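Student: I would like to learn how to read a model of a protein chain, feature by feature, with the criteria stated as we go.

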Amino acid sequence: MTKKHVLSWLFMALLCLPAFAQIQDPVKFKTEWNALSDNEAEIIFTGTVDKGWHVYSTDLPEGGPISATFNVDKIEGAELIGKLTPRGKQIEKMDPIFGMQVRFFESKAQFVQKIKLTGGAYKLTGYLEYGACNDENCLPPTSVDFTFTGTASGKQAAAPAEAQGNAANEATSGDTAQSVALIPLTPAMKVQTTDYWKPVINELNNFGEQVGEESHSWIYIFFTGLVGGLLALFTPCVWPIIPMTVSFFLKRTKDKKKGIRDAWTYGASIVVIYLTLGLAITLIFGASALNALSTNAIFNILFCLMLIVFAASFFGAFEITLPSKWSNAVDSKAEQTTGLLSIFLMAFTLSLVSFSCTGPIIGFLLVEVSTTGSVVAPAIGMLGFAIALALPFTLFALFPSWLKSMPKSGGWMNVIKVTLGFLELAFALKFLSVADLAYGWRILDRETFLALWIVIFALLGMYLLGKIKFPHDDDDTKVSVPRFFMALISLAFAVYMIPGLWGAPLKAVSAFAPPMQTQDFNLYKNEVHAKFNDFEAGMEYARQQGKPVMIDFTGYGCVNCRKMELAVWTDPKVSKLLNEDYVLITLFVDDKTKLAEPIKITENGKERTLRTVGDKWSYLQRSKFGANAQPFYVLIDNEGMPLNQSYSYDEDIQKYINFLETGLKNYKNKR
């Protein structure tokens, strides 16, 4: 491989680098009246969008996300000219869940509606409605109210009425904040039992919020890096170097303590080198850029190709090595210097020499942590990797006698490399699946993906049994006991996936396989359907039946809601609990059905109007439970009191089962 190719793949490797749903306010809109002439004006809605969120544009296809729309409650002395028009930089991409092209804004969203003034006094009252999402949650359809009045004669009338215009100018997404000023529902809402709507935010908090989720993900990232470092240890590029390096430190000085200190310094240098790499990647690309890359179809294809190349390298087709000049130059510099700098340069030499084995592992690790969107994720992953890599050098320096019991280098190290190659090949399909869904190619539907994984893990099992040989394998036909058990696990996993070809949920691979709706042939039927989509009716039924209630706040345009229903609700135990032990009430916060009469409510000191059924359920979620993101699941008793802490987007099935069982237990204890 040429130096140019090596550098390009190194650059690509460097490039490849869920929460309690409290009320969120990620989009803030201001509304302006702009006079174009004596008889023409425009209303401009300008929104500031928080990092990680996006606001959908206008005129999206049916069945897709919530489009931005201009809605008029009252119009006098004026007429609309055309439709609501988006302005600014729109992003257009294929949405893999909706299966359609969508358009949206990031950072800043702007919409304009032109108005024709017919003469005399005018008054316009209405609202802009829009949808906003991030990678985990979607807001319900959110309205930005406006009222403009004036006189269209001669010079354009003074700006719209100040008292009402200012309120409109300060409108925000959902008019929400961390502390919500709540009021009881009025009789106009026709609520059968007012107590059902009683706020229970404090009671929910008493159950304990789901805190520390980010730190949990950091632990996962650190552990992933640690496992990667341990695997890198047992490769032909690293393992043979350990005894030579430790012996060098112990022999180059008569002072044993100094030798141990140098070994500690060597290990610490390894940690510093890889930690610096992780930090540099974050500083260069930024956490949001890494997260954007993880969901970008083109880069997912590149990730897939990169992992295939790494797999081929592990199989023995070629070696991805850095230019020998680099390692020779650093090694020469280490010999010319003394002290701590010399030891650091030796550690840097190890990093360069071992790149052919560690590079693919580091590349895969950085691709994985990029999906977290955390600022420190690459650094945490590299910290775990470096600690695992540096630990043996320090331990063997502290306990030199252990070197005698250290396994000899041999063909078993190549077995580890080839096994890693199979795993990287399997994970390459995961990234190809993202691109396939994004572009709608339908070449990697769920059964196709599973068929390929079945073949890959079956071949891995055959390899571990010695039935398949690769270029660097030795001719020893004996199969060790560890290899046999690894083969057993691989073959069993392949057999486990076979029922998935006919629609079995396969919980072990649900996080990697394409969604169930891409399955062409599905014999598995275990669906959950809500008994009610009306809160009051469902609560009355639950009271009569003596059952607890699970409220599912969802949306037609909520991507993660569909993921939960497919990945979690189809689990037999979950579906049994929901169908038999709970009364499931599903409330769509983007239901466009008009209410018989608009409802005026006061929230955060401002008067708002609930015009649709979705508005009503969205207000219920905010006022009663203090949340406004979907999916949002909450368990309550027949009086509307919570039975457990709420649950948001998390596809951990066992955690969801625990959530339901805890609520059921608390309900029985109350009776």
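Tutor: We shall go from the whole chain to a sheet, then to aromatic rings, and end with a single residue.

Student: What should I know about the origin of the coordinates and the conventions?

Tutor: This is a predicted model, in which local features need pLDDT of at least 70 and side-chain atom pairs count only at pLDDT 80 or more, while totals for chains, interfaces and linings use all residues. Residues are numbered from 1 along each chain as its sequence is written, and side-chain values use heavy atoms, with hydrogens and water left out.

Student: How many helices and strands are there in the protein chain, and what share of its residues counts as buried?

Tutor: Helices (H or I, at least four residues) and strands (E, at least two) are DSSP runs, numbered from the N terminus; the protein chain has 20 helices and 16 strands. Buried means under 20% relative accessible area, exposed over 50%, and partly exposed in between, with a 1.4 Å probe and protein chains only; of the 671 residues, 52% count as buried. By the Shrake-Rupley method with a 1.4 Å probe, the chain exposes about 30,200 Å², and carbon and sulfur atoms supply 61% of that area.

Student: How is a sheet read, and what is the order of the three strands in the open sheet?

Tutor: Strands of a sheet pair through backbone hydrogen bonds, either parallel or antiparallel. Two strands count as paired if DSSP finds at least two bridges between them; here the order is 4-9-11, with antiparallel pairing. Strand 4 (69-76) and strand 11 (142-152) stand at the edges, and because each has a single partner strand, one side of each is left without a neighbour in the sheet. Strand 9 (residues 120-130) is joined to strand 4 by seven bridges, with isoleucine 75 opposite leucine 124, and to strand 11 by eleven bridges, where tyrosine 130 has threonine 142 as its bridge partner. Strand 9 is also mostly covered, since eight of its eleven residues are buried.

Student: And how should I describe aromatic rings?

Tutor: A pair of aromatic rings is described by the distance of the centres and the angle of the planes. Rings of Phe, Tyr and Trp (its six-membered ring) pair if their centres lie within 6.5 Å, and planes under 30 degrees apart count as stacked, over 60 as edge-to-face and the rest as tilted. The count comes to 33 aromatic pairs by this rule. One of them, phenylalanine 105 with phenylalanine 111, is edge-to-face at 5.5 Å centre to centre and 85 degrees between the planes, and both residues are buried. Another edge-to-face pair, phenylalanine 315 with phenylalanine 422, has 5.1 Å between centres and 65 degrees between planes; the pair links helix 8 (residues 297-315) to helix 13 (residues 411-439), with the two residues 107 residues apart.

Student: Finally, is asparagine 644 buried or exposed?

Tutor: Asparagine 644, in the loop between strand 16 (632-636) and helix 20 (653-670), is buried, with a relative accessible area of 9%. Taking contact as heavy atoms within 4.5 Å, and not counting residues up to four places away in sequence, asparagine 644 touches Leu204, Phe207, Leu635, Phe659, Thr662 and Gly663.
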